[in-house]
Amino acid sequence: MIESRLLAKKYKHMIEIETKYAFPCRESVKNRIVMSPMNTCQSNADGRLSDEDIAWFERRISGNFGMVVTGSAFVDHAGKICEGQIGIDSDIHIQGLSILAQKARENKCMAILQLSHGGLSGLNYLVETRSLLPNSNNFGGIDLRMLADLSDLEIEDVMDSFVLSALRAEKAGLAGIELQAADGYLIQQFLSTTTNFRKDKWGEA
Ligand SMILES: Cc1cc2nc3c(=O)[nH]c(=O)nc-3n(C[C@H](O)[C@H](O)[C@H](O)COP(=O)(O)O)c2cc1C
């Protein structure tokens, strides 16, 4: 008897894994099982979800995950980090993502879109106009001055692209968004003293 009580205490988290969890915003998730974001590089060249993407998510969504998070989706073409990455930089992505959202709802699963900007680690050759991307090599091919040289307007533009992307995710009917603030990409580049030498409000000041 004592032993079973001790075991129940020890494995409390295992029991809770099957229970519902309510977020402060009152949305709730049916269990604590979350598929973490994984970029599978199988989207169409322009970032729209491919049939393979839909099939891949469908298998996970129907596999009793309470929540699935997509791999990182680029909020701006200049911030794309690899070929086959999911895009959310324009309205063309809404239709494919709404299929994913619908399939998730049918399975009472929360589908979350991860928003990302590669910043200095974006694909160099995909640069179009203004760029947050490298052209010399101080940091694995990255020119750290680029981050320091960005104007207020350029930074605000990137912030806008995150906001617009979040609104597109909402339009598609997804349950929420996640910001990719790790893995050496733009948000982490701003957060890290290894890459952010700015002295203004975007840096240490
Ligand atoms: C193939 C692959 C792709 C990944 N893509 C992303 C991604 O797009 N965004 C992200 O935040 N993490 C990404 N990750 C990190 C995972 O979400 C996870 O945090 C990491 O694999 C650690 O968990 P684990 O120890 O269970 O593998 C990726 C991991 C793998 C293996």
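Two residues are in contact if their C-beta atoms, placed from the backbone, lie within 7 Å. Keep that in mind for the whole talk.

Now the protein. What you see above is a predicted model. Take contacts between residues at least 6 apart in sequence: 71% of them join residues at least 24 apart. One pair shows this kind of reach. L164 and V75 are 89 residues apart along the chain, and their C-alpha atoms are separated by 8.2 Å. L164 belongs to helix α6. Is L164 buried, exposed or partly exposed? It has 16 C-beta neighbours inside 10 Å, so it counts as partly exposed.

Next, the overall layout. The protein has seven helices and seven strands. Along the sequence, they run α-α-β-β-β-α-β-β-α-β-α-α-β-α. There are 205 residues, and 33% of them count as buried.

Let's go inside. How many residues are in the largest nonpolar core? The number is 31. V68, A111 and L113 have the most contacts within that core. Which elements give two or more residues to it? They are α3 (51-61), β4 (67-74), α4 (94-106), β6 (110-116) and α6 (152-172).

Pick A111 and look around it. Skip its neighbours within four places in sequence. A111 then touches V68, L100, A101, A104, L174 and A175.

Now the helix packing. Two packed helices are described by the angle between their axes and the distance between the axes. We have two pairs to look at.

Pair one is α3 with α4. Their axes come within 10 Å and cross at roughly 15 degrees. Angles under 35 degrees count as roughly parallel. That makes α3 roughly parallel to α4. The crossing is right-handed. On the α3 side, the contact uses I54, F57, E58 and I61. On the α4 side, it uses I99, L100, K103 and A104. Sort those residues by class, and you get six nonpolar, no polar and two charged.

Pair two is α4 with α6. Here the axes come within 8 Å, and the crossing angle is roughly 50 degrees. Are these two helices parallel or oblique to each other? The angle is roughly 50 degrees, and α4 and α6 are therefore oblique. This crossing is right-handed. From α4 come I94, L97, S98 and A101. They meet R168, A169, K171 and A172 in α6. By class, this contact has five nonpolar residues, one polar and two charged.

Last topic: backbone angles. Most residues other than glycine have a negative phi. Which residues go the other way? I'll show you two.

Where is C41? Look in the loop between β3 (34-35) and α3. C41 is exposed, because it has 12 other C-beta atoms within 10 Å, and a residue with 12 or fewer counts as exposed.

Then there is K108. K108 sits in the loop between α4 and β6. Is K108 exposed or partly exposed? K108 has 13 other C-beta atoms within 10 Å, so it is partly exposed.

How values were computed: Residues numbered from 1 in each chain as written. Predicted model: local features only at pLDDT ≥ 70, side-chain atom pairs only at ≥ 80, totals over all residues. Core = buried A, V, L, I, M, F, W, Y, C linked by C-beta atoms within 7 Å. Buried ≥ 20, exposed ≤ 12 C-beta atoms within 10 Å, placed from the backbone. Helix = DSSP H or I, 4+ residues; strand = E, 2+ residues; numbered from the N terminus. Axes fitted to C-alpha atoms, helices over the stretch in contact; angles between N-to-C directions. Parallel < 35°, antiparallel > 145°, perpendicular 65-115°, else oblique. Left-handed = near helix turned anticlockwise from the far one by under 90°. Nonpolar A, V, L, I, M, F, W, Y, C, P; charged D, E, K, R; others polar.
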